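This report describes one protein model with its ligands. The sequence and the coordinates come first, and the text follows them.

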Amino acid sequence: MSFFQVNRNCNGCLACVQNCPANALDYKDDGNTRTLLHNMTRCARCGNCWRVCPNDAVEFQHLLRGTWDEVATMELVRCIVCGEPLYTAEFEGTLSKRVDHEVQALCSRHRKSLPLGLWKSLAPVKNQGEGARK
Ligand code: SF4
Ligand code: SF4
């Protein structure tokens, strides 16, 4: 459904099309029908269409609502002590490659507060076959 919506008062006068500063409104004639068109990627949400419409037909409130579109979903890594969300498993993989060792999933609070013994058990795991740097 379009964010730009008109109510039943719209009579197709095209005042909104002619006064849209962003060329976000257009129309097409097809056979016996005329269709009002709106392009959200061009729309500046300036409200001019709503102001110039002589019939109070533009339901501008829909243009202000918008929704959040889910664009990607990934596995979430949480702090192994408190469960606080940290980053995605994919990001962890990227990080591990950068630093060349396994990254421990700890939030900043627990990275600082862990006792030394536990730190040792959580120490970075070196890649197999990796020798000391020369
Ligand atoms: S100005 Fe209003 S009545 Fe005219 S086409 Fe646009 S929405 Fe419809
Ligand atoms: S809000 Fe502004 S940019 Fe968007 S369609 Fe209306 S007049 Fe055009």
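By the definition used here, a residue is buried if 20 or more other C-beta atoms lie within 10 Å of its own, exposed if 12 or fewer, and partly exposed in between, with C-beta atoms placed from the backbone.

The model is predicted; local features need pLDDT of at least 70, side-chain atom pairs count only at pLDDT 80 or more, and totals for chains, interfaces and linings use all residues. Residues are numbered from 1 along each chain as its sequence is written, while chains are lettered from A and ligands numbered from 1 in the order in which they are written.

**Confidence and overall make-up**

pLDDT is the predictor's confidence in each residue, from 0 to 100. For the protein chain the mean pLDDT is 85, and 84% of the residues reach 70 or more. Over residues 127-134 pLDDT stays under 50, and the model has two contacts beyond four places in sequence for them. A contact here means two residues whose C-beta atoms, placed from the backbone, lie within 7 Å.

The chain contains six helices and four strands, in the order α-β-β-α-α-β-β-α-α-α from the N terminus on. Helices (H or I, at least four residues) and strands (E, at least two) are DSSP runs, numbered from the N terminus. Of the 134 residues in the protein chain, 8% are buried. Among contacts between residues at least 6 apart in sequence, 49% join residues at least 24 apart.

**The two ligands**

A residue is taken as near a ligand if its C-beta atom, placed from the backbone, lies within 6 Å of it. For the classes, Ala, Val, Leu, Ile, Met, Phe, Trp, Tyr, Cys and Pro count as nonpolar, Asp, Glu, Lys and Arg as charged, and the others, Gly among them, as polar.

Ligand 1 has 13 residues around it, of which Cys10, Cys13, Ala15, Cys16 and Cys53 come nearest. Its shell has ten nonpolar, three polar and no charged residues. Ligand 2 is surrounded by 14 residues, the closest being Cys20, Cys43, Cys46, Asn48 and Cys49. The shell around ligand 2 divides into ten nonpolar, three polar and one charged.

**The nonpolar core**

A nonpolar core is a set of buried Ala, Val, Leu, Ile, Met, Phe, Trp, Tyr and Cys residues joined through C-beta atoms within 7 Å. The largest has eight residues: Val6, Cys16, Cys20, Ala24, Leu25, Cys49, Ala57 and Val58. Leaving aside neighbours within four places in sequence, Val6 is in contact with Leu36, Ala57, Val58 and Glu59.

Strands β1 (residues 25-30) and β2 (residues 33-38) pair in the antiparallel sense over six bridges; strands count as paired if DSSP finds at least two bridges between them. Asp29 stands opposite Arg34 in β2, and Lys28 stands opposite Thr35 in β2. Two residues lie between the strands of this hairpin, in which Gly31 takes a positive phi near 60 degrees.

Helix α4 lies largely in the open because the number buried among its eleven residues is zero. Asp100, which follows α4, has a positive phi near 65 degrees. Gln104 is in the loop between α4 (89-99) and α5 (108-113).

Leu14 and Asp56 have positive phi although neither is a glycine.

| Residue | Phi | Location |
|---|---|---|
| Leu14 | about 70 degrees | segment before α1 (15-19) |
| Asp56 | about 50 degrees | loop between α2 (48-52) and α3 (61-65) |

Leu14 is partly exposed, with 13 other C-beta atoms within 10 Å. Asp56 counts as exposed, since it has 11 C-beta neighbours inside 10 Å.

Gln104 and Ile80, 24 residues apart in sequence, are 8.3 Å apart in space, C-alpha to C-alpha. Gly83 and Cys107 are also 24 residues apart along the chain, and their C-alpha atoms are separated by 8.6 Å. Gly83 lies in the loop between β3 (76-78) and β4 (85-88) and is exposed, with 9 other C-beta atoms within 10 Å.
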